[in-house]
Amino acid sequence: MPHTTLRRYLRHGMFPQLMVFEAVARLGSFTRAAQELFMAQPTVSIHMKKLAETIGVPLVEQVGKRIHLTDAGRELHAMCREVFVRLQEFDRRLGELREPGKGRLRVAVTTTAKYFASRLLGEFCNRYPELHVTLHVLNRQQLLERMEVCADDLYVLGSAPDGADWAVHPLLPNPLRIVAPAGHPLAGRRRVPLATVAAEPLLLRESGSGTRQAVEEHFRAHGLVPRVRMELGSNEAIKQAVLGGLGLAVLSSESVSEARQGGLAILDVEGFPLARHWVLVHPAGRTLTPTAREFVQFAVEHGRRLSAQEGAAAPPPAARRARRKALSSDQKF
Ligand code: PGA
């Protein structure tokens with residue numbers, strides 16, 4: 001304990017004594033305090049005596065039948081009220097921690113996941129208006145660093161992290177697609193070879209981005225090196241640069257869905273879309289708060305519902321295969 005001078009207060013069962021003192025001070029009587037606390041009056045007297053011994057000065061004085069506080073007693077009474085208010089606040093927060101939909105939910109997501117994660121959290125908050133949510137948005141590398149120190153309750157990222165330390169809940173397919181400006185010569189062509197794309201200027205996310213890592217790995221696996229024209233720190237900036245004709249880019253379907261009408265074309269390239277899967281993750285050994293548990297369930301159900309809707313809209317066979325593969329590997333991501 002930092003303050004050794006405080007030790008004497010903590011050796012003598014001070015909390016029950018303070019409870020008795022607070023009642024005596026408030027009611028001005030040992031008898032009434034004993035009644036309120038369902039104690040025998042001699043027990044109240046013993047608590048008061050011990051407390052005065054601990055403090056080292058008299059706390060009350062008797063004038064006639066009334067009990068009056070001394071200066072030290074008044075100081076102690078003020079301190080008692082503060083301590084009890086803090087205890088009540090602590091107890092309230094504890095209650096919130098036990099009850100789903102109250103208190104705090106801390107979520108961190110990758111830059112690419114922010115689109116659907118924000119929608120998901122929005123819907124969850126509509127269900128629980130008293131919930132206080134914090135959402136951190138970072139690239140994959142930064143998110144993994146945050147995960148290492150367990151800074152949040154839950155994490156959403158574009159594919160499962162390595163290692164067995166994480167409980168992983170698959171949410172939705174996260175296919176990565178190659179985009180170009182709508183009038184690009186490759187737009188509308190079928191089965192464009194990857195080597196053709198590798199010859200085009202490519203816009204990449206910053207280092208540390210999971211999307212970038214997946215792209216680099218894919219090109220490497222095919223013995224190709226992309227012609228990187230520019231590195232940009234956000235998906236929005238990349239979309240604008242593609243629209244501006246600076247090059248092609250690989251983006252998560254999530255970040256291009258609403259931009260399709262806005263002048264972006266999705267190219268049909270061999271090996272694409274790259275199959276990834278959004279996952280919700282938390283440390284495997286951690287006991288989640290009821291709210292975090294509820295959110296996991298909510299997000300997984302939401303993911304199932306959306307996947308079923310997408311299934312009804314009959315995605316291309318490659319995407320279907322990718323999704324089947326992702327779903328069947330379940331916790332083994
Ligand atoms: P990022 O996200 O490109 O924004 O880092 C990708 C991922 O979640 O892996």
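Helices (H or I, at least four residues) and strands (E, at least two) are taken here as DSSP runs, numbered from the N terminus, and strand β5 is where V156 is found. The model is a predicted one, in which local features need pLDDT of at least 70 and side-chain atom pairs count only at pLDDT 80 or more, while totals for chains, interfaces and linings use all residues. Residues are numbered from 1 along each chain as its sequence is written, and side-chain values use heavy atoms, with hydrogens and water left out.

With a relative accessible area of 2%, V156 is buried, where buried means under 20% relative accessible area, exposed over 50%, and partly exposed in between (1.4 Å probe, protein chains only). Leaving aside neighbours within four places in sequence, V156 is in contact (heavy atoms within 4.5 Å) with A108, V109, T110, A113, F116, L143, L171, V279 and L280. V156 and H169 are 13 residues apart in sequence, and their C-alpha atoms are 9.4 Å apart in space.

Several of these names return when the nonpolar cores are considered, a nonpolar core being a set of buried Ala, Val, Leu, Ile, Met, Phe, Trp, Tyr and Cys residues joined through side-chain atoms within 4.5 Å. In soluble globular proteins, nonpolar side chains tend to be buried together. The largest core in this model has 24 residues, and those with the most contacts inside it are L105, F116, L154, L171, L280 and F295. At least two residues of this core come from each of β3 (104-110), α6 (114-127), β5 (154-157), β6 (166-173), β12 (277-283) and α12 (290-312), with α12 giving the most, namely six residues. L171 shows how such a residue is surrounded: not counting residues up to four places away in sequence, L171 touches F116, V156, H277, W278, V279, L280, A299, V300, G303, R304 and S307. A second, separate core has 20 residues, among them A25, M48, L76 and C80.

V242 is buried with a relative accessible area of 0%, and touches V179, A180, P181, L203, G247, L248, A249 and L264 when residues up to four places away in sequence are not counted. One of these, L203, is 39 residues from V242 in sequence, with 7.7 Å between the two C-alpha atoms. After α10 comes G245, whose phi is positive, near 80°.

A search of the whole structure finds 17 salt bridges, a salt bridge being a side-chain nitrogen of Lys or Arg within 4 Å of a carboxyl oxygen of Asp or Glu. In one of them the side chains of E22 and R26 meet at 2.9 Å, N to O; both residues lie in helix α2 (residues 14-27), four residues apart, about one turn of the helix. An α-helix has 3.6 residues a turn, so residues three or four places apart point the same way. E22 is buried, with a relative accessible area of 13%, whereas R26 is partly exposed at 42%, and a network of salt bridges links E22, R26 and E36. Elsewhere, K102 forms a salt bridge with E99, the closest N and O atoms being 3.9 Å apart; K102 counts as partly exposed at 25% relative accessibility, and E99 is partly exposed at 38%. R205 and E206 form another, with the closest N and O atoms 2.8 Å apart, and R205 is buried, with a relative accessible area of 2%.
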